[in-house]
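Good morning, and thank you for coming.

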Amino acid sequence: MERAWHQVALDVLKANEVRLIPYVPDNVLKPLIAALHADPFFHAFTVAREEEAVGIVAGAWMAGTKGMVLMQTSGFATLANVLASLPCAFQIPVLLTISERGTMGEFNLGQAAVWRTMRPTLEALGMEHHVITRLDECEFIMDRTIRQAHLTQMPAALILSPLLTGGKAVTRQVVA
Amino acid sequence: MTAAHNAKRMYRFDLMQRLVARLEHEEAVIGGIGNTNFDLWSAGHRPQNFYMLGSMGLAVPIALGVALAQPRRKVFAVEGDGSLLMQLGCLATVATLAPQNLAILVLDNGMYQITGGQETPAARADFAAIARGCGLAGAAWAADEADFERLVGQCLTIDGPHFIAAKLDDQPPVTQTERDPPQIRDRFMRGMGAKQSKLPG
């Protein structure tokens, strides 16, 4: 049976010895987060804010442990200052995995509005970033991006498109 | 236990010298942005020091990452009060993960000294009480220099996480850290034993 995207992600993280996973949760990331918690290889835990997670992964890398931050699009939008002045300036391979909200069926205008800032911010920072849309490309893009980040000591971001994950879509306006 | 208003106002450079003098086992020290890490630098560079240049508020998270990566090494985060205010949530994270080898030292001068001495919006805040409220039960103010040394000694000998707050006077930093981020990172990684290189450090 074909592996789901979150199983591929877990396998790639393990193969690259990426153990430390601080995150701010997202519905789309739920199966990956659950799998990370279930596997003793990983140390996954929540933080109060995405900036904290960037600091934790940066510190861990400098002390010999590899990590990755999980977040959603709106969380990424809080990060420009710390990405510029910590991983970009110090050349530390902080890895970000961003569950892409705000596009392809988004129901929340706030998410849709902040989505427009993500790629321009990554481009302005000069950060390597790749969007993963297809299951058959998931392993290659994740694995090569992680490896390159570690080998070149530069941060990188992986964007999980709704085309890959299914996203978080509702078909009509919810009034509740 | 010393209350915030009873804590003696001390000289940051003196406290940094006292801290560094106690470090005999290659303990890591993460110095927060600005004057905090300037005085850590002035107290004498060690390969186990990391000097933040930007990313205001991340001294504690960076130190937490180091502490999680190397549980047998003691790790100090030295952070300013204005910086900690930007990232108070990290205290709850530290209390939840409870790394035994992490100590947080907050140097509270009540102002943004590097930008002209404007007051922080924390005139009524008590950082040790905030830390205790987040779950760092032993968080304490240093009453004076001798008490500071006693508390640092506890950090070095007793399992944490620890939290020490110290009130500062308004003396400026002695000098400034050399601003070369990749070099600072490279030296720190060697100091942590996380990188070997044939190039001179």
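Predicted model: local features only at pLDDT ≥ 70, side-chain atom pairs only at ≥ 80, totals over all residues.

Residues are numbered from 1 along each chain as its sequence is written, and chains are lettered from A and ligands numbered from 1 in the order in which they are written.

Strand 4 (residues 95-99) and strand 6 (residues 156-160) of chain A run parallel and are joined by five bridges. Two strands pair if DSSP finds at least two bridges between them. Helices (H or I, at least four residues) and strands (E, at least two) are DSSP runs, numbered from the N terminus.

In what order do the six strands of the open sheet in chain A lie? The order is 2-1-3-4-6-5, with parallel pairing. Strand 2 and strand 5 (128-132) of chain A are at the edges with a single partner strand each, so one side of each has no neighbour in the sheet. From one strand to the next, the twist averages 20°.

Next, the helices on this sheet. Helix 3 of chain A lies across strand 1 (18-23) and strand 3 (66-72) of chain A, at about 170° to strand 3 of chain A. Helix 8 (residues 135-152) of chain A lies across strands 1, 3, 4, 5 and 6 of chain A, at about 170° to strand 5 of chain A. Axes are lines fitted to C-alpha atoms, for helices over the stretch in contact, and angles run from 0 to 180 degrees between N-to-C directions.

We now turn to the contact between the chains. Chain A gives 26 residues to this contact and chain B gives 29 residues; two residues are in contact if their C-beta atoms, placed from the backbone, lie within 7 Å. On the side of chain A that touches chain B, the largest share, nine residues, comes from helix 3 of chain A.

Finally, chain B contains eight helices and eight strands. Its C-alpha atoms fill a box of roughly 50 × 35 × 30 Å, taken along the principal axes. Of the contacts in chain B with a separation of 6 or more, 76% are between residues 24 or more positions apart.
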